[in-house]
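My notes follow the order in which I checked them.

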Amino acid sequence: MEILKKIPLNLDAKEIASKLHMQRTGDSDLTRTLLKIAQPLITPKAIYKVAYVDKKAEDAVFINGFRLQSRVLRKNLDNVGRVFPYVVTIGDGLEKSADAADDFLEKYYLDSIGNIALTKARNHLENHLKAKFAYSKMAFMAPGSLEDWPLTEQKLLFSMLDGVEEAISVRLSEYLLMFPRKSVSGVYFPTETTFYSCQLCPRKRCGGRKARYDEKLAQEYGIRGETS
Ligand code: SF4
C-alpha cells in the first residue's frame, strides 16, 4: 500500500469566497480569517493500493479476490486490468473546530472549506496516480454514490485496504460512516472518456454535482432513476 502523508493544498481565499458565494462587502475579510483558522487544522493524507481485476460477471467485478457488486463499475472496467482503491482524508481537526463553533454561519463556512480541501486532496491523489502510472485520464467511483453500488460495499473496500486506520487514522463505523467525517473512499481507474457517477444520478438538488444527469448514458449502463 502507498501512503501520501504530505499532500500540499493550495487554499486560496478568493477561490473559496467565490465557491461559497461570499460576495458581500466584508466577505473577503471573513474568508481570510476563516482560512487562517482552518489551514493549520487541515492534515490531508491518502492511502491507495495497486489492485487487479481478476474476473467479471454481468453485474459485478472481482478485484484482488473481492467481489464488488456494481454493474456500472463492471462496465467502466471493461478494458481495464489495474485499479486503485483509495481513502483520502483531511483529518478531524477542522470538523472539531466547526462542531465547536457557536455561530451557525461560521460552522457552515468551516465545513464548506473542509469539503473544498477534501476535493483538492483527492485531486492531488489523482494527479499522483496519473504521473506515477502514466495515465492521461482517470475517473473514480465510490460505494454508495449510486444505488447500483451499495454503501455496504465500503466494508469490502476497507478490507481491500487493510490497515487504513493505522496508516492514516480513518476508520469505518458499524453504520458504514467514515471517521474523520471529512474522508472519501473509492476506486480510481484509467479511462478514455470522462466519467462521473453524477452523470447517472438524477437527484435534483445536490451541491456536489460534478456533471449533468444523462438519461441516455444511464440507459446504456443498464440503470435508470437511481439516486445515492
Ligand atoms: S449528483 Fe450528488 S448525489 Fe448524485 S452522484 Fe453526484 S454528488 Fe452524488
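The entries below cover a predicted model.

**Entry 1, helix pair.** I began with helix 4, residues 93–100, and helix 5, residues 104–133. Their axes come within 8 Å and cross at roughly 165°. Angles over 145 degrees count as roughly antiparallel, so I wrote down helix 4 and helix 5 as roughly antiparallel to each other. The crossing of the two is left-handed.

I then listed who touches whom. Helix 4 contributes Leu94, Glu95, Ser97 and Ala98, and these meet Lys107, Leu110, Asp111 and Gly114 of helix 5. By class, the residues of this contact are 3 nonpolar, 2 polar and 3 charged.

**Entry 2, ligand.** I asked which residues are closest to the ligand. They are Cys198, Cys201, Cys206, Gly208 and Arg209, out of 9 residues that surround the ligand. I sorted the shell by class and got 3 nonpolar, 4 polar and 2 charged.

I found arginine 205 in the loop between strand 10 (183–190) and helix 8 (215–220). Is arginine 205 buried or exposed? Arginine 205 counts as exposed, because it has 5 C-beta neighbours inside 10 Å and the limit for exposed is 12 or fewer.

As a reminder to myself, most residues other than glycine have a negative phi, and most peptide bonds are trans. I looked for exceptions and noted these.

- The peptide bond from phenylalanine 179 to proline 180 is cis, with omega near -5°. I placed proline 180 in the loop between strand 9 (178–179) and strand 10.
- Asparagine 64 is not a glycine, yet its phi is positive, about 45°. I located asparagine 64 in the loop that joins strand 4 (61–63) and strand 5 (66–68). With 15 other C-beta atoms within 10 Å, asparagine 64 is partly exposed.
- Alanine 134 also has a positive phi, near 60°. I located alanine 134 in the loop between helix 5 and strand 7 (138–141). Alanine 134 has 8 C-beta neighbours inside 10 Å and therefore counts as exposed.

Key
Residues numbered from 1 in each chain as written. Predicted model: local features only at pLDDT ≥ 70, side-chain atom pairs only at ≥ 80, totals over all residues. Axes fitted to C-alpha atoms, helices over the stretch in contact; angles between N-to-C directions. Helix = DSSP H or I, 4+ residues; strand = E, 2+ residues; numbered from the N terminus. Parallel < 35°, antiparallel > 145°, perpendicular 65-115°, else oblique. Left-handed = near helix turned anticlockwise from the far one by under 90°. Contact = placed C-beta atoms within 7 Å. Nonpolar A, V, L, I, M, F, W, Y, C, P; charged D, E, K, R; others polar. Near = placed C-beta within 6 Å. Buried ≥ 20, exposed ≤ 12 C-beta atoms within 10 Å, placed from the backbone.
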